[in-house]
Amino acid sequence: MQNPLDVAFAGAPLGLDPKMANRHGLIAGATGTGKTVTLRVMAEHFSALGVPVFLADIKGDLGGLSQPGISNPKIDERVKAFGLADFAFAGSPVCFWDVFGVKGHPVRTTLSEMGPLLLSRLLGLSDVQEGVLNVLFKYADDHGLLLLDLKDLRALAQFASDNAAQLRAEYGQVSSASIGAIQRELLGLENGGGGKLFGEPALKLADLLRTTPDGRGVINILSSDRLMQSPQTYATLLLWLLSELFEQLPEIGDPEKPKLVFFFDEAHLLFDELPKVIRGKVEQVVRLIRSKGVGVYFCTQSPLDIPEEILGQLGNRVQHALRAFTPRDQKAVRAAAETFRQKPGINLYETLLELQVGEAVVSFLDSTGSPVPAERAKIFPPRSSLAPLLDAERERLVKQSPLFGTYEQEIDRESAYERLQLGVRSGQPPAAAPPPLPETKLPAATRVAARADSAGSAMMKSFLRSAGTALGSAIVRGLMGSLKSNLRGRR
Ligand SMILES: Nc1ncnc2c1ncn2[C@@H]1O[C@H](COP(=O)(O)OP(=O)(O)OP(=O)(O)O)[C@@H](O)[C@H]1O
Ligand SMILES: [Mg+2]
């Protein structure tokens, strides 16, 4: 019987074992060598197997995943050569997402959920400035101020700047220069459109884990052409998603097939100048998320873009052609060749330089979890359309989506901004005790749309995390906060 995850052909089909698909993977290769088509073929296969997928559409051409492809000589040739008797063009169920809310459902999170560590990275803050940002978050926790959108944090930064002496007395060093720097970066982020990322309703992860009534996994496509203009925002968003998946999904050990497969395209952006603390955490998240049934597949030009500790965890590999123009390139190709389990008779270094478009050196994990010897293989042809999706068709699909209406309307509930405004008018600083949740004060329309948890869970998380920090030394939240506490339990 054919393996449902056959994605390459080397005399016989080479398939990923669904049980091993949560052991992560790598799709690498020079530009134009076929990485995105490989990603597409894998996404189609996972979807057909009932596994939801998340991927970023960097060039804006993955919308075609929703449409059946059409015959062309390159594809026909592969179908024939591989003996794919049951090959049929087909579209997959997709769900479109877009931080800017134009090409898909808006993707938002709250500042509270993101936490100061990732936010510092997003804003490009120095260590000292990050320390001050931590104080702002701590102040918000202590005074029951919800940090949802950028407006909240800007109001809080302004408040801190106006009351620097008081903050300094309570929390230690809070320099006006640092607050000023944070305010400038927040403004820059907002002006660059990054403000769209924060607010409510916040993304519910369950909405990324959907299957259709006929049992196919939904392929979530994050429109990233515009988002990529700010690589830092792109990388931070994906990192946040990964960490939320890690934090929220239950432990399931080694499942029959993954719960979700997460493709991280342009993965070098994730690791570019990544501060060491975060890098360590990313390594941990990648290592541990496997037992939550999430497979992470990094796509990048050179395997050297990926830190060694993470590369070592990527068991399923598709290495497309590499170029060796410079001595540095040659070193990279040699390193790439050496990461594979060698098959006698194949010179992988030479092979990597010779590979044609849509060809790759492939090695997947066998049922015992060891990598099979690397083979030179051709990637299966995609079943979906390689042509970009027409805007009108995309719009139709977005409106048809069962999620349409859930995120489209932004809501702005009482949070730090409103409470600080109130305080300014009454001359009172915010009270120390948290207010009751404003559920009953919400207008009816908002109440329906309010994804039950938003304010409540942001607040709750916020408190849990600040409670956690009382035990530890540094204030680290978001990605890192609860990961830290989970790890503490494990060691
Ligand atoms: N498995 C395949 N079957 C048929 N055609 C393929 C296959 N792989 C690649 N191609 C052809 O090669 C072209 C380039 O492939 P692709 O876009 O995947 O490259 P890439 O490595 O993602 O490039 P970039 O680095 O620029 O993103 C495709 O548009 C397609 O025409
Ligand atoms: Mg590509």
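Q: Why does tryptophan 97 count as buried?
A: A residue is buried if 20 or more other C-beta atoms lie within 10 Å of its own, exposed if 12 or fewer, and partly exposed in between, with C-beta atoms placed from the backbone. Tryptophan 97 has 24 C-beta neighbours inside 10 Å, so it counts as buried.

Q: What kind of model is this, and how are its parts numbered?
A: This is a predicted model: local features need pLDDT of at least 70, side-chain atom pairs count only at pLDDT 80 or more, and totals for chains, interfaces and linings use all residues. Residues are numbered from 1 along each chain as its sequence is written, while chains are lettered from A and ligands numbered from 1 in the order in which they are written.

Q: Which residues is tryptophan 97 in contact with, leaving aside its neighbours within four places in sequence?
A: Contact means that two C-beta atoms, placed from the backbone, lie within 7 Å. For tryptophan 97 the partners are Gly104, His105, Val107, Asn220, Ile221, Leu222 and Ser223.

Q: Where is tryptophan 97 placed?
A: Tryptophan 97 sits in strand β5, residues 94–97. Strands (E, at least two residues) and helices (H or I, at least four) are DSSP runs, numbered from the N terminus. The chain has 18 helices and 11 strands.

Q: What makes proline 231 partly exposed?
A: Proline 231 has 15 other C-beta atoms within 10 Å, so it is partly exposed. Proline 231 has its place in helix α8.

Q: Why is α2 said to lie largely in the open?
A: Of the 10 residues of α2, the number buried is 0, so α2 lies largely in the open. Just after α2, glycine 83 takes a positive phi of about 65°.

Q: What makes a set of residues a nonpolar core?
A: The members are buried Ala, Val, Leu, Ile, Met, Phe, Trp, Tyr and Cys residues, joined through C-beta atoms within 7 Å. The largest such core here has 128 residues. Among those touching the most other members are Leu55, Leu147 and Phe264. Helix α8 (residues 231–248) gives the most to this core, with 10 residues. In soluble globular proteins, nonpolar side chains tend to be buried together.

Q: Which residues come nearest to ligand 1?
A: A residue is near a molecule if its C-beta atom, placed from the backbone, lies within 6 Å of it. There are 16 residues around ligand 1, and Gly34, Lys35, Thr36, Val37 and Gly358 come nearest. α1 (35–48) and α2 (73–82) each supply at least two residues of this shell.
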